[in-house]
Amino acid sequence: MFYERERGTEVYEGRPIEWAGEIALMYPSDYGFSTSGGSTNNRNACLASALYNWNNVEDCYKNDWLYNKDYQWTLTTLTMYYYHAFTIISSGFVSHDTGVYHPFGVRPTLFLQPTVEMASGTGTSSDPYILK
């Protein structure tokens, strides 16, 4: 559901429907798609489960490489309340009733073409990833 709505055209009046930048916050669907699932609920079961219910499905959020126990902002705002955005809550689910004035974490993301490869690096500040 999130993926379809994130790419839709219903927005708060006067707001753009496209993002042309190269780096932004993650979408809620990015968080959902980044799970591998676990022994009780595999990845397909997690993808079939609503993100706002993931606090009840530990296999989904505890095996999600984007989950880190901190509240995190996403790029997606609510269409009817421009001052509310979807957030990933510390208990693993995606919430919609958070005002944007809260000091939550951000996780910048970028889109890579499938042909991009990691040439070297470990991803630390002293040894960053080098892409080719």
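Guide: What follows is a set of questions about the labels, for a model that is predicted.

Visitor: Why is Leu112 called partly exposed?

Guide: The relative accessibility of Leu112 is 39%. Buried means under 20% and exposed means over 50%, so Leu112, at 39%, counts as partly exposed.

Visitor: Where is Leu112 placed?

Guide: Leu112 is in the loop between strand 5 (108-110) and strand 6 (118-120).

Visitor: Which residues make the nonpolar surface patch?

Guide: Ile23, Leu110, Leu112, Val116, Met118, Tyr129 and Leu131 make a patch of about 680 Å². Patch residues need over 30% relative accessible area; Leu112 has 39% and therefore passes that cut-off.

Visitor: What makes Lys69 exposed rather than buried?

Guide: Lys69 has a relative accessible area of 60%. The cut-off for exposed is over 50%, so Lys69 is exposed. Lys69 is in the loop between helix 4 (58-62) and strand 2, and its phi is near 75°, a positive value in a residue other than glycine.

Visitor: How do you know that strand 2 pairs with strand 3?

Guide: Three bridges join strand 2 to strand 3 (residues 84-88). Pairing requires at least two bridges, so these strands count as paired. They run antiparallel, and Trp73 stands opposite Thr87 in strand 3.

Visitor: Which strands of the open sheet are called edge strands?

Guide: The open sheet has three strands in the order 2-3-4, with antiparallel pairing. Strand 2 (72-77) and strand 4 (94-99) are the edge strands, as each pairs on one side only. On average, neighbouring strands of this sheet are turned by 45° against each other, direction ignored.

Technical notes. Residues are numbered from 1 along each chain as its sequence is written. This is a predicted model: local features need pLDDT of at least 70, side-chain atom pairs count only at pLDDT 80 or more; totals for chains, interfaces and linings use all residues. Side-chain values use heavy atoms; hydrogens and water are left out. Patches are made of residues with over 30% relative accessible area and no salt bridge: like charges are joined within 9 Å, nonpolar side chains (Val, Leu, Ile, Met, Phe, Trp, Tyr) within 5 Å. Accessible areas come from the Shrake-Rupley method with a 1.4 Å probe; for residues, only the protein chains shown count as cover. A salt bridge is a side-chain nitrogen of Lys or Arg within 4 Å of a carboxyl oxygen of Asp or Glu. Helices (H or I, at least four residues) and strands (E, at least two) are DSSP runs, numbered from the N terminus. Buried means under 20% relative accessible area, exposed over 50%, partly exposed in between (1.4 Å probe, protein chains only). Axes are lines fitted to C-alpha atoms, for helices over the stretch in contact, and angles run from 0 to 180 degrees between N-to-C directions.
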